[in-house]
Amino acid sequence: MTAKRTMQAKGAQARGTVKEAAGRAMGNRRMQAEGRAEKSAGHSLDSAQKAKHAMRGH
C-alpha cells in the first residue's frame with residue numbers, strides 16, 4: 001500500500017469523524033450524514049488498498 005493512498009484514506013476517515021461529531025453537536029443531520037459518507041469512503045479506499053497489496057503477495 002502506498003503511503004500517499006494510506007494517508008488519503010486515514011485523512012478521509014479523520015475528517016469524516018470530525019464532521020460527524022460536529023454535526024451531532026450542532027444538531028445538523030446533513031453534516032452528520034456527510035461525515036458518515038466521508039468516513040465510509042476512507043474505509044473503502046483503505047480496504048481497496050489492502051486488497052491490492054494482498055493480491056501482489058507482499
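Colleague: What are the ground rules for the values?

Modeller: Local features of this predicted model need pLDDT of at least 70 and side-chain atom pairs count only at pLDDT 80 or more, while totals for chains, interfaces and linings use all residues. Residues are numbered from 1 along each chain as its sequence is written, and side-chain values use heavy atoms, with hydrogens and water left out.

Colleague: Why is the pair Glu38 and Arg15 called a salt bridge?

Modeller: The term requires a side-chain nitrogen of Lys or Arg within 4 Å of a carboxyl oxygen of Asp or Glu. The closest N and O atoms of Glu38 and Arg15 are 2.8 Å apart, so the pair meets the definition. By this rule the count comes to 8 salt bridges.

Colleague: What makes Glu38 and Arg15 a link between separate parts of the chain?

Modeller: Glu38 lies in helix α2 (residues 29–56) and Arg15 in helix α1 (residues 3–26), so the pair ties together parts that are 23 residues apart in sequence. Helices here are DSSP runs (H or I, at least four residues), numbered from the N terminus.

Colleague: Is Glu20 buried or exposed, and how do you know?

Modeller: Buried means under 20% relative accessible area, exposed means over 50%, and partly exposed is in between (1.4 Å probe, protein chains only). Glu20 has 9%, so the label is buried. Its salt-bridge partner is Lys39, with the closest N and O atoms 2.9 Å apart. Lys39 has 24%, so this residue is partly exposed.

Colleague: How do you know the sequence separation of Lys50 and Asp46 in terms of helical turns?

Modeller: Both are in helix α2, and being 4 residues apart, they are separated by about one helical turn. An α-helix has 3.6 residues a turn, so residues three or four places apart point the same way. Lys50 and Asp46 form a salt bridge, with the closest N and O atoms 3.7 Å apart. Lys50, at 48%, is partly exposed, whereas Asp46, at 9%, is buried.

Colleague: Which residues are joined into one network?

Modeller: Salt bridges that share partners join Arg15, Lys19, Arg30, Glu34 and Glu38.

Colleague: How do you know that the span of α1 is close to the expected value?

Modeller: The expected span is 1.5 Å times one less than the number of residues in the helix. With 24 residues, α1 reaches 34 Å from its first C-alpha to its last, close to the 34 Å expected.

Colleague: What do the buried residues of α1 pack against?

Modeller: They pack against α2, where contact means heavy atoms within 4.5 Å. Among them are Ala9, Ala12 and Gly16.

Methods:
Helices (H or I, at least four residues) and strands (E, at least two) are DSSP runs, numbered from the N terminus.
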